[in-house]
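Q: I am new to this structure. Could you walk me through how to read it?
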Amino acid sequence: MADTQVAIVGGGPAGTLLAHLLESHGIESVVLERRSRDYVLGRIRAGVLEQGTVDLLAAHGLGDRIDREGLRHTGVNLAAGGRVIRIDLAARTGKAVTIYGQTQVQTDLYEARDAAGGAMVFEAEDVALHDLESDRPRLTYSVGCESTTFGADFVAGCDGSHGVCSSYLPAVRRYATDYPFGWLGILAATPPVCDELIYANHPNGFALCSMRSRQLSRYYLQCPMDTDLEEWPDDRFWDELRTRLPATVGDNLITGPSIERSITPLHSLVSEPMQVGRLHLAGDAAHVVPPTGAKGLNLAVSDVHYLSRALAAYYRDGSTGLLNAYSRTALSRVWNAVRFSWWMTQLMHRFPGDGDFGLRMQQTELDYLATSRAAQTAMAENYVGLPL
Ligand code: RFL
Ligand code: PHB
């Protein structure tokens with residue numbers, strides 16, 4: 001393999017969008033992805049794009065399908081104690097979110113890489129980084145029995161929360177917390193129960209009604225960490241979901257066979273700093289948030305926006321100011337999203353061992369959100385995404 005300017009480890013949204021943004025600045029890159037293309041495209045994950053994410057994708061030629069197929073939501077709902085509090089995102093912020101699945105984002109990105117003839121290596125195993133403190137790092141990897149070495153000016157670690165790149169940051173400090181539950185999620189080819197998302201707080205635990213399209217629903221239930229999927233046949237899932245929703249919503253639930261089921265643990269994690277020498281981390285490789293605030297994919301997008309801008313400045317005139325400031329710039333947005341995701345998780349879930357005091361705090365906060373325009377604005381501006 002010939003040397004390249006930027007070697008990108010990980011071909012998820014962070015890695016492939018970075019390759020695409022670099023290309024628009026005339027910077028060459030190679031993406032190394034451990035899995036097959038179909039495997040990456042088959043992972044059902046995020047569904048909510050912030051307005052800034054949609055604008056950025058559109059500004060780089062990736063907006064057409066989002067325009068046609070994305071669902072623009074101007075509000076989001078919090079349900080608790082039988083009532084539904086609608087947060088009017090458009091009225092409070094002038095912005096909205098767009099429902100458009102990560103699978104669709106990834107498809108658009110792979111198609112854009114194909115059209116540009118961008119180098120992507122799938123099923124790249126044993127990726128290792130060398131000489132990161134020099135000005136010519138090298139990477140090694142293998143596909144099947146064939147091993148390859150190549151050099152790059154920079155390495156972007158976009159290999160997610162189970163990747164290898166973060167282990168190359170020796171002096172990194174990790175701030176982390178685990179939540180004592182997970183989310184049991186299903187995808188079903190049924191019309192969504194509501195035109196907008198509903199986050200529900202119920203004595204049995206949290207529930208979320210989301211969607212991918214007008215014919216495809218995505219629902220989640222808070223579940224204990226040791227939950228066995230086998231013990232949750234579809235009927236049990238639907239019954240429990242109906243129980244956790246206000247009757248006015250649950251009565252309209254249209255059920256059907258699930259087409260995907262999964263359990264996701266919930267964590268918050270931030271690695272600080274996000275760079276060492278010529279290695280820069282982006283996306284889940286550097287930070288993980290619980291999905292409650294719908295922030296993970298959006299943070300991956302903002303990281304690579306900052307990183308591509310910094311690399312573009314370097315290749316334009318040799319300036320290193322933005323590159324040196326990358327970690328600081330990205331982290332200030334990351335910490336805000338970590339705080340918001342933690343806050344929404346605290347507000348909407350049942351925490352084992354939380355007594356009456358915890359419940360009254362949640363009820364009081366929800367009452368405040370129901371009645372205070374200031375509280376609604378604070379939630380809305382975080383949900384639609386803080387400015388880049
Ligand atoms: P990814 O998507 O994990 O991609 C990393 C890629 O790196 C590859 N890889 C390696 N490649 C080469 N060598 C190695 N050693 C490698 N190790 C790993 C992996 O195979 C993979 O392809 O990270 P990236 O690109 O940073 O993107 C982050 C997002 O995927 C993630 O934050 C979101 O999915 C989180 N998320 C949500 N985010 C939102 O913004 N809105 C949402 O509504 C939302 N909902 C969710 C979510 C995540 C969920 N799960 C399953 C964790 C809902 C769920 C249930
Ligand atoms: C989803 O549709 O998968 C989804 C939506 C909102 C969230 C998390 C996940 O907060």
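A: Let us begin with contact, which means heavy atoms within 4.5 Å. This is a predicted model, where local features need pLDDT of at least 70, side-chain atom pairs count only at pLDDT 80 or more, and totals for chains, interfaces and linings use all residues. Residues are numbered from 1 along each chain as its sequence is written, chains are lettered from A and ligands numbered from 1 in the order in which they are written, and side-chain values use heavy atoms, with hydrogens and water left out.

Q: Which residues does Ser 271 touch?
A: Leaving aside residues up to four places away in sequence, Ser 271 touches Val 172, Arg 173, Arg 174, Ala 286 and Leu 331.

Q: Is Ser 271 buried or exposed?
A: Buried means under 20% relative accessible area, exposed over 50%, and partly exposed in between (1.4 Å probe, protein chains only). Ser 271 has a relative accessible area of 1%, so it is buried.

Q: Which residues come nearest to ligand 1?
A: A residue is near a molecule if one of its heavy atoms lies within 4 Å of it. Of the 32 residues around ligand 1, the nearest are Glu 33, Arg 43, Gln 102, Asp 284 and Leu 297.

Q: How far is an oxygen atom of ligand 1 from a backbone N or O atom of Leu 297?
A: For a ligand, a polar contact is a pair of N or O atoms within 3.5 Å. The Leu 297 pair lies 2.7 Å apart. A nitrogen atom of ligand 1 is also 3.1 Å from a polar backbone atom of Arg 34.

Notes:
A polar contact is a pair of N or O atoms within 3.5 Å; within protein, one must be able to donate a hydrogen and the other to accept it, and residues adjacent in sequence count only if both atoms are side-chain atoms.
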